[in-house]
Amino acid sequence: MTGQIAQIRYQIMWNRLIAVVEEQAQALIRTAFSPIVRECGDLSAGIFDLKGRMLAQAVTGTPGHVNSMALSVSHFIEKFPLASMQPGDIYITNDPWMGTGHLNDFVLTTPAFHRGKLIALFSCTSHLMDIGGIGFGPDGTDVFMEGLYIPHLKLAEGGRMNETLMAMIRANTRLPVDTEGDVYSLAACNDVGAKRLAEMMDEFGLDSLDDLAEHVIANSRAAVEAEIARLPKGTYRNTMRIDGYDEPIDLTAAITVGEKTIHVDFTGTTGVQKRGINVPMAYTEAYTCFGLGCVVAARIPNNAGSLAPLTVSAPPGSILNAPYPRAVASRHVIGQMLPDVVFGCLRQAVPERVPAEGTSCIWMMSLRGPTATDAADKRGFAVTITSNGGTGARPMKDGLDATAYPSGVKGTPVEIAESIAPVVFWRKELRPDSGGAGRTRGGMGQVIEVESSKGLPFELLAAFDRIDHPARGRDGGENGASGVLQLKSGQKLKGKGFQTIPAGERLVLMTPGGGGVGAPSERAGEASARDLRDGLVTAAD
Amino acid sequence: MTQTRLAVDIGGTFTDVVLEAGDRRLTKKVLTTSRAPEEGVMEGTLALLAEAGVALGAVDVLVHGTTLATNAIIERKGARTALIATHGFRDVLDIAYESRYDQYDIFIEKPVSLVPRARRFTVPERVDVGGRVLLALDEAAAATLPAQLQAERIESVAVSLLHSYANPAHELRVREILLTALPDLAVTLSSEVCPEVREYERTSTAVANAYVQPLMAGYLGRLDRALQAAGFRGTVYLMTSGGGLTALEAAARFPIRLVESGPAGGAILATHVAALAGERRVLSFDMGGTTAKICLIEDLKPETSRAFEVDRAARFLKGSGLPLRIPVIEMVEIGAGGGSIAKVDGLKRIVVGPESAGSEPGPACYGRGGDEPTVTDADVALGRIDPERFAGGKMRLDAAKAAAALARHVGGPLGLSATVAGFGVVEIVDENMANAARVHAVERGRAVADATLIAFGGAAPLHASRLAEKLGIRKVIIPPNAGVGSAVGFLRAPVAYEVVRSRYMRLEGFDAAGANALFEALAAEARQVVESGARGRSLEERRTAYMRYVGQGHEIVVPVPSRALIADDTAGLRAAFEREYEALFQRVIPDGAIEVLSWTLTLSTPHDLPAALAPVARSGGARAIDRRSVFDAEAEAFAEVPVYGRADLAPGQTVAGPALIVEDETTTFLSARFDAHIDAAGSIVLERRS
């Protein structure tokens, strides 16, 4: 019986590890300054063994951090050997290629000690509102324009903060108070994790995590492999064209389902771009694996074992494997499209488990401008307001209206947006007829109208997609409506790049709709009648 | 002042009635009559009074809590409701958070709004963040609303306009226009039920209130008449989710404040038990048939909050329900109860809950056709529940069916015996509760290990000692009448009302006159509600501000002195904020600018908590009435343990673990790591050895 009881104890300890990282994430949300962290959940937190393998990760709003963060810890271990780590050390970087894809994400890693012995590493990352440079938009032409670049450094040594580094950070951002506050918030959340881990090890009488790590990784890997084994074997191909910055981008994938592995290869994808929509490889892997995970292994916790059977490659120099020092600030616009590309392949294998294309890239309004007519406030305001379009129809269910996917961040409430920036919203409601018609229809987008509340011009750092290339329907379902970006007076705006909204004008966003699944004529009469009654569909044909 | 007091708690399955007259306390459980709940209330009340030999006319106070409002929302059985919103903002209810409550599940369903889009109307108007009118209310457009509502046969309306918490003038005028044309229409204003910033939560709260208001007003009216007809001459109070009592009229106006009144009663009970035992740091643990509720109580004050979710669509996941901004006693509720169903998932892991077998068919051991193993079945398989003594022997459990269900659904897939499967189920549910308690505590910046656990509800005493071991807790208290704890708690609650208003203010250059005017308005509103119920008793006032550093998103609650504020209070308010902040997050931010978002005022009768009772002298070991074979996880084998009857145990008597202490409503399982004694209040007190 001992073996049986031991199995149950392993499960208990595994659950506890997940609870520890959830606590770590909660501590980060509660103390964060960055609105996109505290209101919208753009962060990640996890625990790693001494081989740099991720054992558990908190389920937060950011798929983009899934295995990009998992890889980041091994880079820290290379730079700072385990033998050199001391209690009170904290390591930091925002390297887009060895972190989570752009300079705005700080990654902090803290070694955890128990009874004087190094036992694990805690790591976390969150999105900071401003890290200098030309600001959070896609207009940079190399990474140096995009802000302060922090290589792998010690943020604290033996409990003493690196004040030189903190001064450098403060001096290189438009939001010094928030940025410093967020660095402390990240450091504190790792401490919370380490404290809980030590308590757990006392309770269970552990002096190392080695056996538990093997249990977690082996079981997770076996579970994912078992799911893969049930999929029809073969290679499935798909190409999706999206807007890009200067030219349309083709995202081309071939997914090979083997006995125990899935490999995604992006050969054929468009090359790197001049502007900051390029994607470092780690971020490409993150959103690709997230898309695979949703279909193949939705209930299996993320760790080194569950991620191991899923591999990704992209040709160096393609937009999905952008080399240093390309501009990458708005890599999410492209990266968030990857689950749709994955779905287009997998629907050839398991059509019933895969939705149609959706809006996918989050419609984030990065706005900047003066707060008042006098010059007293030198920095003005800089704010990011999140909003979304519709998701793709599911085979048996409609898409979700005005909902983020694959991103998990929340929308900004109108009343909150108006309290943190001098803007007034005149409209924010669903956009009728924007969901692609079908047996099940795509989710509806939104119509949003925004004006300066001071009668002043303001700046838009646009990074929107699906304006020229809408979400496609499938199996006879219609495309979702394209996104629209314009002034109220009618003048169209560019989907990407810096633009000024003149005084007295309103900025109008019509977020895209999701694609439909199946022929519209097959839609249940009741569902069609409800949409008509609700005014979400206006044209009966 | 010895009063005769009744408490009635309507739950999904049972209606609990508790009578306190002098030193006597009697309890009764009857089936809930969902169609006309007042019938079950009257039946249970009159039967209990007859047993006690007390006339209804002699009852001074009846305190009532009910899940009716919650159930009306969950079952979508409320009024035909409309929403009137600012033009351009018809879909606040659908746009909601724009997020998914489950990251990986692409097939989630969002909660269905209580008001379909076809019944959502808009009117041109606009107020800005500072309460200034940007666009005057379009009177001509508003005048067309009554006809539109009539055409849709609307019974109840919520009016929720942008920034109405800052200036309610347009909402007030819309109500005037509606009631002039349709005098019988039920109208809820968001600026009255929830005057707080964030349009989705405010609108959701207003709509939920409108949705249940006609139903609850009708029920409360019928109950009042039935009581009067039967000779009741006392006062009726309603238990609110915030832990205070309110008068019938206020309850009928804002019935949304009655959701979760049962669990609130449980927290009040735990506070009372804590006072008697002199415990300052308490974790209250209420485990029933479907869920477990865990609440932090520090210094005899339960944690309170202003956010709650009703009707979670999926497995108690945060974000899957309809948000309500009402005063609630803060607790975490998870799908872990005696009826929670156990199974094995794709990773060969045991999963318990949140699905519950409920009372029909109930756990497999009930023998009512239930085939899936539950936590209760696991407790039976491990020997912790005596099948012959369940519910005082009125209901015989079938241990063989429990074992068979565990073997089939858990043991089989994992290659475990029924007993080890049962052990796994109990360990997992205890671990789930422990993790929920830990995360809940950290969300509020607290630690749990040095707290005392107060356990009640039918299933809690079976699981309390293991939960305590997992949390590092050294002391557990199980009060008398643990099985009807919520209703007992109703009788301990003060008459109280909390009001809130959002008014943004920077602490630097803080507007003392504005804050004073706001508190005066809040006090007047609270007094109006509380005075009728207080019946001349003195009233206590508590003021707070929701504050944060400028740039942060999460406020913390800071006490504000109950007097007129002056400009010089800036320093005191900053110090109070920093004190609270440091306690929660270790480190204040030097010279960080501070802002206030909302202000609250609570008016209540004194919450008379009893003084701690003197400890009893240990009078020696109790006499066991039986022995049972109970599974011992550390030895990995069954071992004989003594069984004690709770009714036989007198204050001061001791029991050494492992042991079982049985009573009609529940069984207390004492693990080998605990010893117990009966304290002066009649509670079982478990203390960790060494």
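Colleague: Among contacts in chain A between residues at least 6 apart in sequence, what share joins residues at least 24 apart?

Modeller: That share is 75% in chain A. Two residues are in contact if their C-beta atoms, placed from the backbone, lie within 7 Å. This is a predicted model, in which local features need pLDDT of at least 70 and side-chain atom pairs count only at pLDDT 80 or more, while totals for chains, interfaces and linings use all residues. Residues are numbered from 1 along each chain as its sequence is written, and chains are lettered from A and ligands numbered from 1 in the order in which they are written.

Colleague: And what is the corresponding share in chain B?

Modeller: In chain B, 67% of the contacts with a separation of 6 or more are between residues 24 or more positions apart.

Colleague: Does the radius of gyration of chain A agree or disagree with that of a compact globule?

Modeller: It agrees, because a compact globule with 541 residues would have a radius of gyration near 24 Å and chain A has 23 Å. The radius is taken over C-alpha atoms, and the globule rule is 2.2 Å times the number of residues to the power 0.38. Along the principal axes, the C-alpha atoms of chain A fill a box of roughly 70 × 65 × 40 Å.

Colleague: What about chain B, with its 690 residues?

Modeller: Chain B has a radius of gyration of 26 Å, which agrees with the value near 26 Å for a compact globule with 690 residues. Its C-alpha trace spans about 80 × 60 × 55 Å along the principal axes.

Colleague: How many of the residues in chain A count as buried, as a percentage?

Modeller: Of the 541 residues of chain A, 61% are buried; in chain B, buried residues make up 54% of the 690. A residue is buried if 20 or more other C-beta atoms lie within 10 Å of its own, exposed if 12 or fewer, and partly exposed in between, with C-beta atoms placed from the backbone.

Colleague: How many helices and strands does chain A have?

Modeller: Chain A has 12 helices and 19 strands, and chain B has 17 helices and 36 strands. Helices (H or I, at least four residues) and strands (E, at least two) are DSSP runs, numbered from the N terminus.

Colleague: Which order do the strands take in the open sheet of 4 strands in chain A?

Modeller: The order is E13-E12-E16-E18 in chain A, with antiparallel pairing. Strand E13 (381-387) and strand E18 (496-501) of chain A are the edge strands, each pairing on one side only. Two strands pair if DSSP finds at least two bridges between them. Strand E16 (residues 458-463) of chain A is joined to E18(A) by 6 bridges, and the two run antiparallel. Phe458(A) stands opposite Ile501(A) in E18(A).

Colleague: Changing topic: where are the domains of chain A?

Modeller: Chain A is divided into domain 1 (2-221) and domain 2 (355-541), with bounds from an automatic or database domain assignment. Their centres, taken over C-alpha atoms, are separated by 33 Å. In the contact between these domains of chain A, 17 residues of domain 1 meet 18 residues of domain 2.

Colleague: How many residues does each chain bring to the contact between the chains?

Modeller: Chain B brings 54 residues and chain A brings 67 residues. On the side of chain B that touches chain A, helix H3 (92-95), helix H8 (199-229) and helix H13 (418-443) of chain B each supply at least two residues. H13(B) gives the most to that side, with 9 residues. By class, the side of chain B that touches chain A has 22 nonpolar, 13 polar and 19 charged residues. Here Ala, Val, Leu, Ile, Met, Phe, Trp, Tyr, Cys and Pro count as nonpolar, Asp, Glu, Lys and Arg as charged, and the others, Gly among them, as polar.

Colleague: Backbone details next: which peptide bond from a Tyr to a Pro in chain A is cis?

Modeller: The bond from Tyr405(A) to Pro406(A) is cis, with omega near 5 degrees. Pro406(A) is found in the loop between E13 and helix H11 (414-420) of chain A. In chain B, the bond from Gly657(B) to Pro658(B) is also cis, with omega near -5 degrees.

Colleague: Is Arg115(A) buried or exposed?

Modeller: Arg115(A) is exposed, because 9 other C-beta atoms lie within 10 Å. Its phi is near 50 degrees, a positive value in a residue other than glycine. Ser360(A) also has a positive phi, of about 65 degrees, although it is not a glycine, but Ser360(A) counts as buried, with 30 C-beta neighbours inside 10 Å.
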